[in-house]
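The model is shown first, followed by the terms and the findings.

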Amino acid sequence: MLTRAAGMVAAFLAGLALVVAAVLVVRHLTEPSEPDLPVVPDARRPVVEAAVRTCSPLSVPLLAAQIDAESGWRRDADSGHAQGISQFSPVTWKEWGRDGDGDGDADVWEPRDAIPSQARYMCHLYEVVKVVPGSGTRLGSTRLALAAYNAGPNAVLRARGIPKILETREYVDKILKELLPKYRESEKRYQESEAKHTGSASASPSTPVSPSPSGDPSGPASVSSPAATRRP
């Protein structure tokens with residue numbers, strides 16, 4: 001009798017476990033999952049972090065969102081009017097392109113040249129748009145600087161604001177309303193992860209490591225959206 005009762009209890013518990021597991025599976029499948037966030041590619045992070053130190057309005061999320069909108073992080077992006085990861089027109093690159101990686105050549109296709117040049121040009125545009133109405137706030141000046149990067153500073157100065165060019169308006173909105181919030185969140189998670197990693201590393205005993213040659217930070221970028229056009 002006891003053996004039969006124990007078997008019934010075991011069968012009941014097994015059935016209950018199956019019911020609980022099924023409920024958990026259904027809940028997992030029906031609950032909305034967190035959307036994937038865009039991230040700064042590891043190969044590009046060192047140059048992006050260095051570039052944003054060019055002037056105070058820049059930040060990693062802002063520069064990353066702009067690069068994403070420009071080329072989807074593709075170093076070989078070519079719209080026919082603009083080239084490379086930062087989408088410089090030949091005219092603009094001739095004036096603003098710099099040798100960022102120290103190899104003696106300012107190459108628009110090389111992210112370690114293009115991204116620092118993009119940062120320098122954006123800092124210049126922040127200064128240019130200071131005379132335009134609406135530039136008195138950080139958001140206002142950023143909107144105008146981005147519009148100037150896309151349409152050209154003269155177009156922004158002539159319009160006394162964001163010019164009535166659909167591509168330019170969509171470009172600014174995509175960066176500030178769609179991409180920038182996502183990159184802010186992904187950067188926040190990255191920094192939190194780095195802080196945890198640093199904390200656990202400092203808490204554990206240190207072990208000697210043999211020196212190794214530093215790697216080339218440049219590498220293949222992730223492929224995303226097509227490049228935007230650029231007006232000199």
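## Burial in helix α3

A residue is called buried when its relative accessible area is under 20%, exposed when over 50%, and partly exposed in between, with a 1.4 Å probe and protein chains only. Helices (H or I, at least four residues) and strands (E, at least two) are DSSP runs, numbered from the N terminus. By the burial cut-off, α3 is mostly covered, with twelve of its twelve residues buried. These are V60, P61, L62, L63, A64, A65, Q66, I67, D68, A69, E70 and S71.

## Basis of the values

This is a predicted model, in which local features need pLDDT of at least 70 and side-chain atom pairs count only at pLDDT 80 or more, while totals for chains, interfaces and linings use all residues. Residues are numbered from 1 along each chain as its sequence is written, and side-chain values use heavy atoms, with hydrogens and water left out.

## Span and ends of α3

Helix α3 covers residues 60-71 and reaches 16 Å from first to last C-alpha, close to the expected 16 Å. The expected span is 1.5 Å times one less than the number of residues.

At the start of α3, a side-chain oxygen of S59 comes to within 3.2 Å of the backbone nitrogen of L62. Just after the helix, G72 has a positive phi of about 65°.

## The disulfide

The structure contains one disulfide, a term for a pair of cysteine sulfur atoms within 2.5 Å. C55 is joined to C123, with an S to S distance of 2.0 Å. The pair links distant parts of the chain, 68 residues apart: C55 lies in the loop between α2 (45-51) and α3, and C123 in helix α5 (residues 111-128).

The disulfide is left-handed because the torsion about the S-S bond of C55 and C123 is about -90°. Both C55 and C123 are buried.

Key
Polar contact = N/O pair within 3.5 Å; in protein donor to acceptor, adjacent residues only side chain to side chain.
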